[in-house]
Amino acid sequence: MAEYQLYCFAQSGNAYRAALMLNLIGADWEPKFVDFFGKGVQRTPEYRNAVNEMGEVPVLVHGARTLSQSGVILTYLAERSGKFQPAGEDQRLEALRWLLFDNQKVNGYLGPYRFLRFIVRPPGHPEALTFLKGRIDNALGIVDKRLAKAPFILGEAPTIADISLVGYFYYPAEEFGFDIAGDHKNIAVWLDRIKALPGWKHPYELMPGHPLPGR
Ligand SMILES: N[C@@H](CCC(=O)N[C@@H](CS)C(=O)NCC(=O)O)C(=O)O
């Protein structure tokens, strides 16, 4: 058995943050497929009692420790590996600020938008999609502006803030109906920088469950 097990599925940008981090630090890890859309495993009492009371993916198992929330998983892996760690207290707080902003307003809106537009059938109500798209445009503008200042979110080196923020960004543009990189030039070069890191892989290569049955 590998040192780390990650409960995940290919379409989850929330899980991709953890899978990408594990790969970038060169960890010995294996995915544990969660049949999220088919059996809805995350909603079962077994999953909620034994894996994650919050009914969410990702979950990282490391020996006797079980962690959820990608921000917690990223922090844990950065502290254990010494890689992608913010340097010093100011950067640590700054990373936390971006992790929270990301979870709520960047990927926190991108994930549900893509789910309603591309995954669920019939698709979500147009008004819900319009609302989310407005929030997404605002959040992506903020990230793009930040990246005009430095190569990575916290400065010259990549940290867990970057690994969190790329959550949904590498999924195909057709799944969103707009092109994140095409529309934001600073985000585009930053995505290429992260893609060039040793160990980078696309979410569909890193986690099981792609393609979705019937697609
Ligand atoms: N903030 C959480 C978000 C996790 C999340 O919402 N994951 C989705 C899958 S992509 C999920 O499990 N949703 C189930 C639900 O919301 O009930 C994280 O970053 O880990």
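## Surface, pockets and backbone

On the surface, Leu93, Leu96 and Leu100 form a nonpolar patch with about 290 Å² of accessible area together. This is a predicted model, in which local features need pLDDT of at least 70 and side-chain atom pairs count only at pLDDT 80 or more, while totals for chains, interfaces and linings use all residues. Residues are numbered from 1 along each chain as its sequence is written, and side-chain values use heavy atoms, with hydrogens and water left out.

Leucine 96 is found in helix 4 (residues 88–105); helices (H or I, at least four residues) and strands (E, at least two) are DSSP runs, numbered from the N terminus. Leucine 96 has a relative accessible area of 43%, so it is partly exposed, the class between buried (under 20%) and exposed (over 50%), as found with a 1.4 Å probe and protein chains only.

| Pocket | Volume | Lining by class |
|---|---|---|
| Largest pocket | about 530 Å³ | nine nonpolar, eleven polar and three charged residues |
| Second largest pocket | about 310 Å³ | eight nonpolar, six polar and two charged residues |

The largest pocket is lined by 23 residues, and Asn14, Phe36, Glu56, Val57 and Tyr168 lie nearest its centre. Helix 1 (13–24) and helix 5 (107–119) each supply at least two residues of this lining, and helix 5 gives the most, with seven residues. The second largest pocket is lined by 16 residues, and the closest to its centre are Gly71, Thr75, Leu96, Leu99 and Ile160. Helix 3 (70–81) and helix 4 are the elements that give two or more residues to the lining of the second largest pocket.

Which residues are joined by a cis peptide bond with omega of about 10°? They are valine 57 and proline 58, and proline 58 lies in the loop between helix 2 (45–50) and strand 3 (59–62). A cis peptide bond also joins arginine 121 and proline 122, with omega about -5°, and proline 122 is placed in the loop between helix 5 and helix 6 (126–147).

Glutamine 69, in the loop between strand 4 (65–68) and helix 3, has a phi near 75°, a positive value in a residue other than glycine. Glutamine 69 counts as partly exposed because its relative accessibility is 30%. Phenylalanine 84, in the loop between helix 3 and helix 4, also has a positive phi, near 60°, but phenylalanine 84 counts as buried because its relative accessibility is 14%.

Terms used: Patch = residues over 30% accessible without salt bridge, like charges linked within 9 Å, V, L, I, M, F, W, Y side chains within 5 Å. Areas by Shrake-Rupley, 256 points an atom, 1.4 Å probe, with all protein chains shown as cover. Salt bridge = Lys/Arg side-chain N within 4 Å of Asp/Glu carboxyl O. 1 Å grid on protein atoms, 1.4 Å probe; cavity = no way out; pocket = protein on both sides within 12 Å on 5 of 7 lines; lining within 4 Å. Points joined across faces, edges and corners; volume = space filled by probe spheres on them. Nonpolar A, V, L, I, M, F, W, Y, C, P; charged D, E, K, R; others polar.
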